[in-house]
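This briefing covers helix packing, model confidence, annotated spans and backbone geometry. The structure comes first, and the notes follow by topic.

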Amino acid sequence: MPGSIKLPITVKTEINVILLIITALGLVTRMYGINFPNAVVFDEVYYGQFVSLYMKQVFFIDESGPPFGHMILALGAYLGGFDGNFVWNRIGAEYTCNITVWSLRVIPAMAGALCVPLGYLLMVELRCSHYTALGASLLLLMENSLIAQSRFMLLESVLIFFLLLAIMSYLRFHNAQRLSSPHKWAWLVLSGISCACAVGVKYMGLFTYILLLCLAAYHTWQLIGDRTQSSVTVLVQVLARSLALLVLPVLLYLGFFYAHLSLLYHSGPHDQMMSSAFQASLQGGLARITQGQPLEVAYGSQVTLRSKSSKPVPCWLHSHKANYPIRYENGRGSSHQQQVTCYPFKDVNNWWIVKDPGRQDLVVSKPPRLIRHGDIVQLLHGMTSRFLNTHDVAAAMSPHSQEVSGYIDFNVSMPAQNLWKVEIVNRESNKEVWKTILSEVQLVHVNTSAVLKLSGSSLPDWGFRQLEVVGDKTCKVYQQSGIWNVEEHRYGTSQEQKERELELHSPTHIHFSQNLTFMAKFLELQWKMLSVKAEVYEHKYSSSPTEWVMMDTNIAYWLHPSSNAQIHLIGNIVTWTLATVGLAVFASLFLWHLLRQQRKIEDIPEATWRQLTQVGVVCGGGWAVNYLPFFIMEKTLFLYHYLPALIFKILLLSAVLEHLHAHILRYSSHRCALDGILMAGLFSIYLSYRALSPLTYGQPELSSEDLASLHWKDTWDILLRKH
C-alpha cells in the first residue's frame, strides 16, 4: 500500500493576479481612514440605536427591514468591545472613548470592498471577456457613491455584496458542465444562502431574489425538456434547486428571527406595539406586571382589556368621571352618560370587573366559576361602578356606530343595555375558557348585536383627546379593532367599593407563567413589520426616483463643525452618465437584434444572442427590479436607495461596450477608435474620482473656492463656509 503512493505529493493552483490586485485596491479604497470622522455620520444615528439595543439585549422592532442586517452591524460593534452605552441623538456627535470606531464600520467596508471582485467574477460568468470584467471592476472601484456608502455603519454595501454573490454563485452553478460535481452543488447552496442573507438585510433584496428565481425557473424548464437526461436525473435536479433556492432561504430567514428573538429577551421601548402575550414573554416590563396572574377568567375577575389593534396606538378600555356633552358641536345630541374610551397609558381607570348578570357578587367564588365562549357577562368599571353599556345613540365621532358609555340611570326612557356575549375568536372548541393574555375576545352586545370596537378616531377636548370606542353592528368579520384581550388580571376579593379601589391600586402576585412559541412570536413580529406604515416625511435630502438616474441630487453625510471638511453621498458623474447612455444603447441594440431575427436576418451567432439575452436579464433586469418599484412606494426616499440598481447598470455598460466592439463594429479602424474613446472615458472617470475624493473621504479639507469648483450641478447641495 505505501508503495502505491507517489512522492513527492504536490498541489497545483492557479491564481488570477488581476483579481487579487482589484481586490486589494477595493480594500484600500474602502478601508482607508475609516476611523475618520470620529463622529456619527448620517444614518449611523439610526442604526446605532439598534446596535446599542443588541448590546443590552433589549427588544426592538424596525419596520424598515428584517433583523439580519442589524445583527451584522452589532457583530462588528461586539468584536470591538462596544457596551451599548452611547446616546445616538444627533448626526455629528463625537464618539466617546468606549467606542472603537473602526469596528462599527469594518464589516460594511469589507462588504463594499468585496463587491469589486464580485463584479469581475459576475461578468466572467456572463461569458464576457476578462478585459470586460476588468473594465467593470474598475468602474466599481472608482465609484465615489459606492465608496462613501461602504465606509460607514450603513447596510447598502452589505446588501449589494449578497446580491452580487447570489447571482454570481447561481451563474457559476448553471455554467458548470458536470451535473454531479460537488463544487457545482456548493455554488447552488451558496446562492440560496446569499439570497436569504440579502432579504434578511433589507426587503429590497427580495426584488433581486425574485429575478433570480425567474431565471432559475427558466433554466429548470429547459432542463425538464432535455431528452438527453433521464427522468431520475431531472427529478433530482428539480428537487435540489427547489431545496437550495426556496426551502433553504426560508429556513435561514426564520433562523435570523430566531437569533434576533433569542438575543433580545429584555423588555424595551417598542414593547407596546406587540400583543400582551408577546410582551409577557419578555423579561421586565409587562412580564414583571403579569407574572403570577391567574390564567383563567372567572366571574368576579378584575381585568384590563387591551385592544388587539395598535392603530393609531395601543390602548386599553377606559372610563372616567366625565360625561358625554349633552350636545356636540354639530348639534347632535348624546346620552350624557359616562364616557368610555380607549386610553394609551396604564391607569387605574382601565380596570373592569367581570360580573355575573344573575348575581350581585363582585368577588371570585371558591372554586372560581370560569367564563367560557358564549357566556353572557356584565362589565363593571372598577373605580366608578358604572356598567359598560351601548344603545341606539349615535357615537360622537362615528355617527354610523353606536355610542358606548358607562350607564347612568337618569330616570328617562333609556333603560340599561349592559349585557355582553363573550366570543373567543381564536378558540379551539366551543367550550373554550376565557384565558388571560392568550384569548382574543370579541364582546358582542346582546340587545343590538353590536361589537365593542375601537373606531380609531380621537375625541375632542371634552374627551381629553382619548380614542373613541363604539358599538359597530357591521363588524361581522375578524377585525383587530374589534378584538380585545385580558392583559392584567386578578381574582377580586373585596365586595365593598373602598376596599375594592385599594385592591385595584395594588399589584397581583399569583403564580402564572406562559410563553409563546417561536413561530407565534415570529408571525406576530413579521406581521407588525409589514403592516406598520412608516411615516412619510419631508427630509432636506430626500429625493424622488426621477432625480437618481442622472444624479441630480446628493446627500450631505457629515459636516465638520468649524471647517470646510465634509462628506457627501455623491457619485462619479462620468460613470453615472455613461451607464445611463449604456442602458439606452443596450435597449436599442436588443430591440434591433430582435427585429432583425424576426425578419430572419442573422447578424450575430445564436450563442452571442443567448449571451446578450442573459446579460439583459441579469444586468438590465437587475437595474429594473431595483429601481422601478420605488415609483409606487409610499416612503421617504434617498439617493442611496438607487445604489443596487446602479451596480447592475454599470455592469451592463461594460457588456454593451464589449458587444459593440466584437459584433457591431466591422472595421478594425472603428474598433481602434472605440478603444481610444474607452481609454479617454476611463481616464475621465479616474479624474472625476480624484476630484470628488475629498467629498467621499472627508479629507483633505478643501477651501471654499475648491468646493465651489466641485459644484458641477446646480441641484447639488455643497456647503461653502467662508472664514
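**Helix packing and backbone notes**

In this predicted model, helix α7 (residues 156-175) packs against helix α8 (residues 182-201) at an angle of about 155 degrees, the axes being 8 Å apart. Because angles over 145 degrees count as roughly antiparallel, α7 is roughly antiparallel to α8. Helix α7 also meets helix α4 (residues 101-125), where the axes come within 8 Å and cross at roughly 25 degrees.

**α7 with α8**

- The crossing in which α7 passes α8 is left-handed.
- On the α7 side, the contact is made by Val158, Leu159, Phe162, Leu163, Leu165, Ala166, Met168, Ser169, Tyr170, Arg172 and Phe173.
- On the α8 side, the contributing residues are Lys184, Trp185, Trp187, Leu188, Leu190, Ser191, Ser194, Cys195, Cys197, Ala198 and Val201.
- Sorted by class, the contact of α7 with α8 holds 17 nonpolar, three polar and two charged residues.

**α4 with α7**

- With axes crossing at roughly 25 degrees, α4 and α7 are therefore roughly parallel to each other.
- The crossing of α4 and α7 is left-handed.
- From α4, the contact takes in Pro108, Ala111, Gly112, Leu114, Cys115, Leu118, Gly119, Leu121, Leu122 and Glu125.
- From α7, the partners are Ser157, Val158, Ile160, Phe161, Leu164, Leu165, Ile167, Met168, Leu171, Arg172 and Asn175.
- The contact of α4 with α7 divides into 15 nonpolar, four polar and two charged residues.
- Val158, Leu165, Met168 and Arg172 of α7 are among the residues in the contact with α4 and also among those in the contact with α8.

**α2 with α3**

- The axes of helix α2 (residues 44-56) and helix α3 (residues 68-79) come within 9 Å, crossing at roughly 65 degrees.
- Because 65 to 115 degrees counts as roughly perpendicular, α2 is roughly perpendicular to α3.
- In this pair, α2 passes α3 in a right-handed crossing.
- Tyr47, Phe50, Val51, Tyr54 and Met55 of α2 meet His70, Met71, Leu73, Ala74, Ala77 and Tyr78 of α3.
- By class, the contact of α2 with α3 contains ten nonpolar residues, one polar residue and no charged residues.

**Backbone geometry**

- Most residues other than glycine have a negative phi, and most peptide bonds are trans.
- A cis peptide bond, with omega about -5 degrees, links phenylalanine 36 to proline 37.
- Proline 37 sits in the loop between α1 (17-31) and α2.
- Lysine 366 and proline 367 are likewise joined by a cis peptide bond, with omega about -5 degrees.
- Proline 367 is placed in the loop between β4 (351-355) and β5 (376-381).
- Glutamine 57, although not a glycine, has a positive phi of about 55 degrees.
- Glutamine 57 is found in the loop between α2 and α3.

**Annotated spans**

- An unreviewed UniProt entry gives the annotation "domain: MIR" for residues 294-357, 368-425 and 430-489.
- Residues 294-357 are 0% helix and 41% strand, and their end C-alpha atoms lie 22 Å apart.
- For residues 430-489, the end C-alpha atoms lie 23 Å apart, and the span is 0% helix and 42% strand.

**Confidence**

- The average pLDDT of the chain is 89, and 93% of the residues score at least 70.
- Confidence in the chain is highest in helix α6 (residues 144-150), at a mean of 97, and lowest in helix α13 (residues 497-505), at 64.
- Over residues 508-513 pLDDT stays under 50, and the model has 18 contacts beyond four places in sequence for these residues.

Terms used:
Residues numbered from 1 in each chain as written. Predicted model: local features only at pLDDT ≥ 70, side-chain atom pairs only at ≥ 80, totals over all residues. Heavy atoms only, no water. Axes fitted to C-alpha atoms, helices over the stretch in contact; angles between N-to-C directions. Helix = DSSP H or I, 4+ residues; strand = E, 2+ residues; numbered from the N terminus. Parallel < 35°, antiparallel > 145°, perpendicular 65-115°, else oblique. Left-handed = near helix turned anticlockwise from the far one by under 90°. Contact = heavy atoms within 4.5 Å. Nonpolar A, V, L, I, M, F, W, Y, C, P; charged D, E, K, R; others polar. pLDDT = per-residue confidence, 0-100. UniProt positions renumbered as here; feature names shortened; annotations may be inferred.
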